[in-house]
Amino acid sequence: MAPERTGPVNAALPDLRDLDVLVIGTGAGGAPLLARLASAGLRVAALEAGVRHPPSGIATDEVAQAGLFWMDERLSAGGDPVGFGRNNSGRGVGGSTLHYTAYTPRAHPDDFTLHSDTGQGVDWPLTYADLAPYYDEVETFIGVSGPAEYPWGGERSGPYPHPPLPVNGAGLLMERACAEVGIRTSPAANAALSRPQEQEGFGLRPACSNRGFCQAGCSTGAKASLDVTFLALAEARGAVIVDGAQVVALLTEGGRVTGARFVRGGREETLHAGTVVLAAGAVETPRLLLMQGLANSSGQVGRNFMAHVGVQVWGLVDEDLRPYRGIPGGLISEDTHRIPGVIGGYLLQSLGVMPVTYATQFARGTGTWGAALTEHLRQYRHVAGINVLGDCLPYGHNYLELSAEPDARGLPKPRVHFTFGENERRMAAHAETLMRDLWARAGARDVWALPRAAHTLGTARMGHDPRGSVVDPWGRAHDTPGLWICDNSTFPSALAVNPALTQMALSLRTADALLSDLRPQQVTA
């Protein structure tokens, strides 16, 4: 079992001299790579700004679990300013997978060729076929539950490793309404177990108990957050994870990145390594690079910030749905992966929701307050939700910069400019119209919509051409020796699916490329 601690970190560091690789960040970008490198016998360590949140310390309480989120202030600008804090970044060993809802659909083959197919957006410098074996490996290792036959997407080598999870109340309504209009649905792929699975370094993970508080952390280990999967494996194979370590700068020598400086327990410390992998996400990764002017000969660091179209539609129904129960996204449709008049497309997902989250969204989305809000929330058990996850094109007007306002450490706060383009506005309008129709067919009343953006993507894109990208297709920084980047900042386009599974697959692919570079001279086992 992983060490159990949730408090501040003051313990002395172990001896971490002569590291082969130092990884900064333990989310979906850093964790699989760390496990792969440790399994290959490299001497590796990871720095994580947050602390450990073991399942035994997870409360079924949204407010008590606020520590799972990255709450350092990030400044939002633009026509559609992105809300940061809850749900857009994680803070803890496992990163945002501690609170993700565990949707794990694969990207489609044509997600990687958007520009070739439409003349807009950006092609990826890799294909679905390049990622397919890594998708297979991740799904098997973390234990994805899903249908025997999935109706959409590229070829698969086999079915999901576990049967699908039960569909929640909103999903059953969505299934019935979609059938009326000829839209296909399927149980979704979820990174939560429908039956127990042995996990090296953690032990036996139980089947999901349908507790439904996935976004407040999983108290059993059934959800495949990375602390109970890849990070448990990494530590079992010899990796060291230093938690509570906020990186404030990369160390350089002669133009080469050689380590990191970080604050832990109020003290500033340093670690050196032959190679540094930056896996801090689409906000902290470009922030660190911009503070030091690293890896930016292309001028692309911080550019092309993207966030998925994520409009939600809610309503009240007669059925007692108890929306806090079950995996939040039990049902999916990808029949809208491509729609006329729009570049790209979106997927539909049923929603579950925790009570405080719903109350906050309803107040913000409708402006309802006081007695009217209280009266609405009395009907919480009858709330039904549905949402979309839609593509977002990269635009020059969406970017991250350093502000003049310092944070508590004296470092410049990041400011993110974001405005949806006309394509995303058409997509959101199409989706809202469709979802309102579905909920009307389900008999919902008091229907309302919450426009929103989801996930943080881009800002250090990958590509073949050093003039237009920050890293190559495997994650090597084009112009900075010793530095690799492995997180969703490298996404050239947003993809029309949730990013977690693709990020884990990319992480293993980057690890294999790094091993190929290091193996002749450094691998010791």
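There are 15 aromatic pairs in this structure. By aromatic pair I mean rings of Phe, Tyr and Trp (its six-membered ring) with centres within 6.5 Å; planes under 30 degrees apart are stacked, over 60 edge-to-face, and the rest tilted. Before I go on, this is a predicted model, where local features need pLDDT of at least 70, side-chain atom pairs count only at pLDDT 80 or more, and totals for chains, interfaces and linings use all residues. Residues are numbered from 1 along each chain as its sequence is written, and side-chain values use heavy atoms, with hydrogens and water left out.

One of the pairs is Trp314 with Tyr358, edge-to-face, at 5.3 Å centre to centre and 65° between the planes.

Are Trp314 and Tyr358 buried or exposed? Both are buried, where buried is under 20% relative accessible area, exposed over 50%, and partly exposed in between, with a 1.4 Å probe and protein chains only. For Tyr358 the relative accessibility is 1%, so it counts as buried.

Tyr358 also pairs with Phe362: the ring centres are 6.0 Å apart and the planes at 20°, so this pair is stacked. Both residues lie in helix 7, four residues apart, about one turn of the helix. Phe362 has a relative accessible area of 6% and is therefore buried. Ring pairs join Trp314, Tyr324, Tyr358, Phe362, Tyr380 and Trp448 into a cluster.

Next, charges over rings. The criterion is NZ of Lys or CZ of Arg within 6 Å of the ring centre and within 35 degrees of the ring normal. Arg91 has its charged end over the ring of Trp70, 4.4 Å from the centre. Arg303 lies over the face of Tyr399, 4.8 Å from the ring centre.

Now Met427, in helix 9, residues 422-441. Its relative accessible area is 0%, so Met427 is buried. What does Met427 touch, leaving aside residues up to four places away in sequence? Val309, Val342, Ile343, Gly344, Gly345, Tyr346, Gly390 and Asp391, with contact meaning heavy atoms within 4.5 Å. Met427 and Cys392 are 35 residues apart in sequence, and their C-alpha atoms are 9.5 Å apart.

Conventions:
Helix = DSSP H or I, 4+ residues; strand = E, 2+ residues; numbered from the N terminus.
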